[in-house]
Amino acid sequence: MTQQSTAAAVFSRVLIPPEEETTASGSGRFVRLALATAMLSVCLESVISLPGDWNSINTSELVASVGLLVTVPAVFFIQISRLAIAAFTVFLTLHVLNDWDTLANHTWLAAWTIPAAAFVSKWWERETYADYLRITLGIVMLAAAGQKLLAGTYLDGSFIAYLSYSGSTTEQMFQFFCSEQTLQNPCGWHKFLGTFIVAWQVVVGLLLLAGLRSLWFLFIEVGFLLGAGVYADEMNFQVLNIALLCVAFRVGMSYWLFAICAVLLVVDVFGIGRLLVHAF
């Protein structure tokens with residue numbers, strides 16, 4: 001076995017279980033696990049958005065949050081999987097109607113991607129839904145890059161410089177590259193980081209639209225998303241993207257990757273920055 005094939009085998013065990021390659025039933029199970037993880041990320045975001053004061057919670061907000069959580073495990077049962085997604089869509093719509101003016105981008109992404117599975121018979125086996133996710137995520141990547149290009153604050157490094165000195169705890173991790181004087185005139189490193197982020201989104205968007213489903217591409221993108229999640233202290237959004245990519249690539253999510261994502265979702269409830277402050 002060559003070094004490349006050995007590395008590919010290790011990556012496969014991280015992303016998907018070995019039986020995924022030989023059993024169709026295993027494939028469906030792990031694809032459903034991936035979508036359930038995406039749904040779980042939305043559930044936790046809904047719960048977090050609830051008012052801290054119990055008396056301030058209205059009935060529709062509570063029903064939406066509880067309803068979203070109940071539908072997640074039902075996705076694993078083939079007979080009611082589509083029905084569970086349809087119910088999830090109803091509760092998600094209720095959540096959106098309650099907080100549409102304050103919702104984060106990834107809630108809108110979830111609303112545009114997850115409900116579509118309810119319209120596809122055996123969505124965990126059909127290419128139709130996987131291709132829909134792949135194309136949608138590709139367009140979203142290019143749109144995000146386009147927004148950054150129009151803003152101009154990434155290519156000139158000014159946004160990275162601003163985050164390095166005024167951002168959250170994790171967003172200041174690249175502060176050591178440059179001095180504080182570069183806030184008015186961003187240094188080369190901050191320009192490079194901003195340009196790299198834009199270029200990466202363009203490349204990933206184009207490769208997704210081109211239909212590339214290489215396991216190496218998926219592994220590298222998962223690693224990049226995790227890194228971006230740590231930097232922006234926004235793991236919930238990255239878990240949603242990772243889960244949707246696992247469905248789009250039709251490989252599903254391994255139990256190992258699910259465990260990692262579940263831990264990250266819990267960490268996101270408290271925030272990486274807050275945990276670092278308490279730890280140090």
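A cavity is a set of grid points where a 1.4 Å probe fits but cannot get out, and its lining residues have an atom within 4 Å of a point. The views below come from a predicted model.

**View 1. The largest cavity and its lining.** The lining is made by V31, W123, W124, R126, Y129, A130, V247 and R250. By class, 6 of these residues are nonpolar and 2 are charged. The volume of the largest cavity is about 40 Å³. With the threshold set at 30 Å³ or more, the count is 1 cavity.

**View 2. The fold as a whole.** The protein has 12 helices and 0 strands. Along the sequence, the pattern reads α-α-α-α-α-α-α-α-α-α-α-α. The protein has 280 residues, and 44% of them count as buried.

**View 3. The largest pocket.** This pocket has a volume of about 1100 Å³. Its lining counts 36 residues, and K148, Q201, E234, F237 and Q238 are the closest to its centre. Six elements are listed as giving two or more residues to the lining: α5 (105-113), α6 (127-151), α7 (158-166), α8 (188-210), α9 (215-232) and α10 (235-248). Helix α6 gives the most, with 8 residues. By class, the lining of the largest pocket has 24 nonpolar, 8 polar and 4 charged residues.

View 4. The structure holds 12 aromatic pairs. In one of them, the rings of F192 and F196 have centres 6.3 Å apart and planes at 25 degrees. The pair counts as stacked because planes under 30 degrees apart fall in that class. F192 and F196 are 4 residues apart in helix α8, so about one helical turn separates them. F192 is partly exposed because its relative accessibility is 47%, between the limits of 20% and 50%. F196 is partly exposed too, with a relative accessible area of 37%. Ring pairs also link W189, F192, F196, W200 and F224 into a cluster.

View 5. Helix α11 covers residues 255-270, which makes 16 residues. From first C-alpha to last, α11 reaches 24 Å, close to the 22 Å expected at 1.5 Å a residue. Which residues of α11 are buried? They are L257, C261, L264, L265 and D268. These residues lie on the same side of α11, because they cover an arc of only 105 degrees around the axis. An α-helix has 3.6 residues a turn, so residues three or four places apart point the same way. On the other side of α11, W256 and V263 are exposed. Just after the helix, G271 takes a positive phi of about 95 degrees.

**View 6. Helix α3 and its buried residues.** Helix α3 spans residues 59-74 and has 16 residues. The distance from its first C-alpha to its last is 23 Å, close to the 22 Å expected at 1.5 Å a residue. Where is α3 buried? The buried residues are E61, A64, S65, G67, L68, T71, V72 and A74.

Terms used. Residues are numbered from 1 along each chain as its sequence is written. This is a predicted model: local features need pLDDT of at least 70, side-chain atom pairs count only at pLDDT 80 or more; totals for chains, interfaces and linings use all residues. Side-chain values use heavy atoms; hydrogens and water are left out. On a 1 Å grid over the protein atoms alone, a cavity is a set of points where a 1.4 Å probe fits but cannot get out, and a pocket is an open set with protein on both sides within 12 Å along at least five of seven lines; lining residues have an atom within 4 Å of a point. Grid points are joined across faces, edges and corners, and a volume is the space filled by probe spheres set on the points. Ala, Val, Leu, Ile, Met, Phe, Trp, Tyr, Cys and Pro count as nonpolar, Asp, Glu, Lys and Arg as charged, and the others, Gly among them, as polar. The expected span of a helix is 1.5 Å times one less than its number of residues. Buried means under 20% relative accessible area, exposed over 50%, partly exposed in between (1.4 Å probe, protein chains only). The arc is that of the directions from the helix axis to the C-beta atoms. Rings of Phe, Tyr and Trp (its six-membered ring) pair if their centres lie within 6.5 Å; planes under 30 degrees apart count as stacked, over 60 as edge-to-face and the rest as tilted.
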